Each structure stands twice: as structure tokens, then as C-alpha cells.
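Let's take a walk through this protein together, from the overall layout down to single side chains. Keep the picture open while you read.

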Amino acid sequence: MDKWKLIAAASRFDIPEEELNRIAPVLEALEAAFRPLAKNIPVETEPAFIFHAGNGERQS
């Protein structure tokens with residue numbers, strides 16, 4: 001958990017400590033889930049430089 005807290009502090013994000021305590025475990029879980037998947041991406045695959053997340057509305 002401390003790694004994400006240090007990243008937030010170094011980036012000078014003004015995130016309250018209680019919020020950091022709440023979101024850091026979620027970020028750790030996401031990293032743990034995606035790190036093994038990232039190892040399977042071929043070196044020649046280029047990253048997506050543009051990502052459109054949409055408007056946040058769920059579609060059914």
C-alpha cells in the first residue's frame with residue numbers, strides 16, 4: 001500500500017489520507033491482476049497513446 005501512497009505524494013496530488021487508505025488496496029489489486037497479463041504482450045506491440053473512456057454512462 002505504501003508504494004501508491006508514495007506515488008500520490010510525489011505527484012503532489014492533494015488526496016486526503018483516508019482516501020489514500022481506501023483506494024491504495026484497490027490499485028494494488030488491479031496491478032496484481034494486470035501485471036501477469038502485461039508479461040504476455042509481445043514487445044513489438046505498440047501502446048495505445050489515445051484512450052477514450054466514454055462519458056461514464058453504462059449501456060445495457
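What follows starts with the whole chain and then moves along to its details.

First, some ground rules: this is a predicted model, in which local features need pLDDT of at least 70 and side-chain atom pairs count only at pLDDT 80 or more, while totals for chains, interfaces and linings use all residues. Residues are numbered from 1 along each chain as its sequence is written, and side-chain values use heavy atoms, with hydrogens and water left out.

The overall plan is quick to describe: the protein has two helices and zero strands. Both words refer to DSSP runs numbered from the N terminus, where helices are H or I runs of at least four residues and strands are E runs of at least two. Of the 60 residues, 8% are buried. Here, buried means under 20% relative accessible area, exposed means over 50%, and partly exposed lies in between (1.4 Å probe, protein chains only).

Now find the loop between helix H1 (2–10) and H2, where Arg-12 sits. Most residues other than glycine have a negative phi. Arg-12, though, has a positive phi, near 60 degrees. Arg-12 is also exposed, with a relative accessible area of 75%.

Next comes helix H2 (residues 17–38). H2 has 22 residues and spans 30 Å from its first C-alpha to its last, close to the 32 Å expected at 1.5 Å a residue; that expectation is 1.5 Å times one less than the number of residues. Where does H2 bend? Look at Ile-23: the helix bends there by about 30 degrees, and Pro-25 follows within four residues. The bend is the angle between axes fitted to the seven residues ending at a residue and the seven starting there. Pro-25 itself is partly exposed, at 36% relative accessibility. Pro-25 and Trp-4 are 21 residues apart in sequence, yet their C-alpha atoms are 8.8 Å apart in space. Another such pair is Glu-17 and Lys-5, twelve residues apart in sequence and 8.6 Å apart from C-alpha to C-alpha.

Which residues of H2 are buried? They are Leu-20, Ala-24 and Glu-31. On the surface, Val-26, Leu-30, Phe-34 and Leu-37 form a nonpolar patch with about 390 Å² of accessible area together. Patches are made of residues with over 30% relative accessible area and no salt bridge, joining like charges within 9 Å and nonpolar side chains (Val, Leu, Ile, Met, Phe, Trp, Tyr) within 5 Å. Phe-34 is exposed, with a relative accessible area of 51%.

Finally, the charges. Side chains of opposite charge can pair when their charged atoms come close. A salt bridge here is a side-chain nitrogen of Lys or Arg within 4 Å of a carboxyl oxygen of Asp or Glu, and by this rule there are two. One joins Arg-22 and Glu-19, at 2.8 Å from N to O. These residues are three apart in H2, so about one helical turn separates them. Arg-22 is exposed at 54%, whereas Glu-19 is partly exposed at 29%. In the other, Arg-35 pairs with Glu-31, with the closest N and O atoms 2.7 Å apart. Here the spacing is four residues in H2, again about one helical turn.

Terms used: Accessible areas come from the Shrake-Rupley method with a 1.4 Å probe; for residues, only the protein chains shown count as cover.
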